[in-house]
Amino acid sequence: MVNGFSLNLFAMTGLVNMYAKCREIDEAYKMFDRMPERDLVSWNTIIAGHSQNGLAEMALDLLIRMHEEGQRPDWITILSVLPAVANMGSLRIGKAVHGYAMRAEFDSLLNISTALVDMYSKCGSVETARLIFDGMESRNVVSWNTIIAGYVEGGDPGEAMIIFQKMLDEGFEPTNVTIMEALHACADLGDLERGMLVHKFLDQLKLGNDVSVTNSLISMYCKCKKVDIAADIFAKLQGKTLVSWNTMILGFSQNGHVNEALNYFCKMRSQNIKPDSFTMVSVIPALAELSVIRHAKWIHALVIRSYFDKNVFVMTALIDMYAKCGAVGTARKLFDMMDERHVTTWNAMIDGYGTHGLGKAAVELFKKMLKGATKPNDITFLCVISACSHSGLVEEGLHHFASMRKDYGIEPAMDHYGAMVDLLGRADRLNEAWDFIQKMPIEPGITVFGAMLGACKIHKNVELGEKAAASLFELNPEEGGYHVLLANIYATASMWDKLAEVRTTMEKKGLQKTPGCSLVELGNEVHSFYSGSTGHPQSKRIYTFLETLIDEIKAAGYVPDTNSIHDVEDDVQEQLLSSHSEKLAIAFGLLNTRPGSTIHIRKNLRVCGDCHNATKYISLVTGREIIVRDMHRFHHFKNGLCSCGDYW
């Protein structure tokens with residue numbers, strides 16, 4: 001500047017470019033604004049600088065200013081501005097830029113065509129992107145990568161893989177970007193076979209040392225439920241990045257390997273790798289599944305110390321975690337403290353209320369949401385309908401199901417139909433539920449018939465239970481749980497011949513019932529109990545205590561439900577019931593915790609009907625609150641009542 005370069009157009013443009021590439025875009029703009037004259041290169045430089053630094057709106061404002069000052073954009077200008085339009089997701093502006101490119105005959109240029117494909121894909125119009133791609137006279141690997149990415153990001157991984165195969169057939173050699181997009185598509189499809197073929201292909205291309213490609217490979221195996229293979233690849237990976245750790249932690253968490261997720265998180269921190277918000281959002285759901293309040297408080301403290309307590313997604317994960325740890329009150333306190341809430345935040349809190357049997361609170365919160373700026377999505381309605389189901393709010397649930405399509409234009413998915421059948425079924429409106437299934441506009445799936453069969457079990461309806469079970473056996477013949485439910489319905493109705501048929505079928509097919517397991521945390525240890533198990537060090541003490549406890553609750557009005565057990569004497573039936581995993585876990589908790597404290601139990605299956613009834617009486621005679629989290633919801637037992645109102 002002191003040497004007179006400020007009057008040199010070439011030198012000034014070079015300075016603008018330098019500042020822009022150093023991410024000092026404000027300085028670049030100041031330099032540009034001081035220029036006494038500007039040529040096309042100057043304008044292209046400042047527009048590209050803003051576009052590449054994520055300042056899309058400013059890039060477009062500069063394009064308008066350029067036009068107003070009489071400078072006509074060239075193909076480089078268009079190439080610079082299209083990514084800005086893509087980042088904004090503005091289809092209207094994108095079409096205007098496309099129109100200009102066509103009038104100026106730039107649209108036939110390979111780079112411009114590829115940028116248009118990218119822009120339309122990111123603006124949610126992948127169909128238009130495909131028309132442009134198909135009309136291209138020539139293509140390079142970037143063009144192929146762009147359309148493949150468009151379909152992956154647009155939610156059509158199947159079409160992405162078809163184009164990937166077409167690319168190979170036409171002789172193009174994939175790049176690392178191609179392979180990452182193909183792996184992403186396979187992950188979204190859950191297509192392990194094709195994912196493994198892409199894995200072999202990347203080895204042939206010698207891309208195995210590319211950390212980004214390997215991260216995508218780990219993610220693919222995790223999403224295809226092969227977390228063991230993912231862990232082997234991760235262990236061999238040189239130069240692991242934070243993304244590598246995050247991918248592996250998330251993979252463990254999503255595949256139910258919650259202890260491994262937590263272990264890897266601790267190992268990552270021990271190697272002085274600082275977690276980011278994505279790490280937290282990956283590991284917190286694992287702690288939610290563990291449902292241990294001590295762990296919840298530990299990760300919450302870490303979130304605060306790491307300054308993530310203003311991140312809406314981390315805080316949403318914490319709300320969900322506290323609700324799943326039985327602390328729904330703490331979840332609401334965090335919810336109320338948040339300055340910003342995403343739709344997922346509302347969903348987490350509504351769902352938390354629902355799973356705790358607080359249906360009215362869930363509905364009230366939903367109504368509060370509707371008064372604000374956040375619009376409900378399909379998950380919101382699923383949470384609300386499920387909350388109504390768990391609390392017997394049938395009319396409320398029916399209203400919201402009708403409203404989602406009528407007032408918000410949201411088409412119900414299979415899970416919504418399943419929730420509606422559950423809503424009607426739990427309330428003993430079984431004929432309505434079956435009629436609802438018959439009138440569904442889509443073919444009913446497993447969730448729908450599963451909800452129906454579960455309701456028939458609760459309300460002892462053999463006829464509709466048989467119909468639901470027949471459909472389930474067609475849809476998923478290898479699932480033993482549905483056979484067990486039908487068997488229990490037959491046992492309750494004393495239909496022993498039918499029960500024997502189901503058992504014979506299960507034996508022939510090699511189907512087994514998942515053993516019930518109940519967990520209690522005491523100190524730093526988790527104690528596991530299976531029905532009839534005697535392996536625990538305190539077993540003798542537990543069984544002796546249970547005998548006395550059963551006598552006490554019988555005196556208070558408890559009557560054992562022996563309908564599901566037959567072929568043995570009455571006293572043996574009661575003995576088998578008294579050794580159910582929930583009762584063993586509760587007895588252990590009562591023996592090893594101070595009087596008046598709350599007992600927390602986790603069960604891998606749905607709460608047994610007899611245990612549910614017995615636990616109500618146990619809470620009455622002991623004066624203890626007992627919280628049981630089963631595979632569907634929480635049951636808060638206190639003073640002889642359950643929070644579910646027996647809509648269990």
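Analyst: Here's a look at helix α21 and its contacts. It's a predicted model, so local features need pLDDT of at least 70 and side-chain atom pairs pLDDT 80 or more, while totals for chains, interfaces and linings use all residues. Numbering runs from 1 along each chain as its sequence is written, and side-chain values use heavy atoms, with hydrogens and water left out.

Helix α21 spans residues 343–355 and packs against α19, residues 312–324 (helices are DSSP runs of H or I, at least four residues, numbered from the N terminus). Their axes sit 9 Å apart at an angle of about 5° (lines fitted to C-alpha atoms over the stretch in contact, angles from 0 to 180 degrees between N-to-C directions). That makes α19 roughly parallel to α21, meaning under 35 degrees.

On the α21 side, Thr344, Thr345, Ala348, Met349 and Gly352 make the contact; α19 brings Val312, Phe313, Thr316, Ile319, Asp320 and Ala323 (heavy atoms within 4.5 Å). By class, that's six nonpolar, four polar and one charged residues, with Gly counted as polar.

Trp346 of α21 also pairs with Phe335 of α20 (residues 328–337), so the pair ties together parts 11 residues apart in sequence. The pair is edge-to-face, 5.0 Å centre to centre with 80° between the planes (centres within 6.5 Å, planes over 60 degrees apart, six-membered ring for Trp). By this rule the count comes to 16 aromatic pairs.

How values were computed:
Helix = DSSP H or I, 4+ residues; strand = E, 2+ residues; numbered from the N terminus. Parallel < 35°, antiparallel > 145°, perpendicular 65-115°, else oblique. Phe/Tyr/Trp six-rings, centres within 6.5 Å; stacked < 30°, edge-to-face > 60°.
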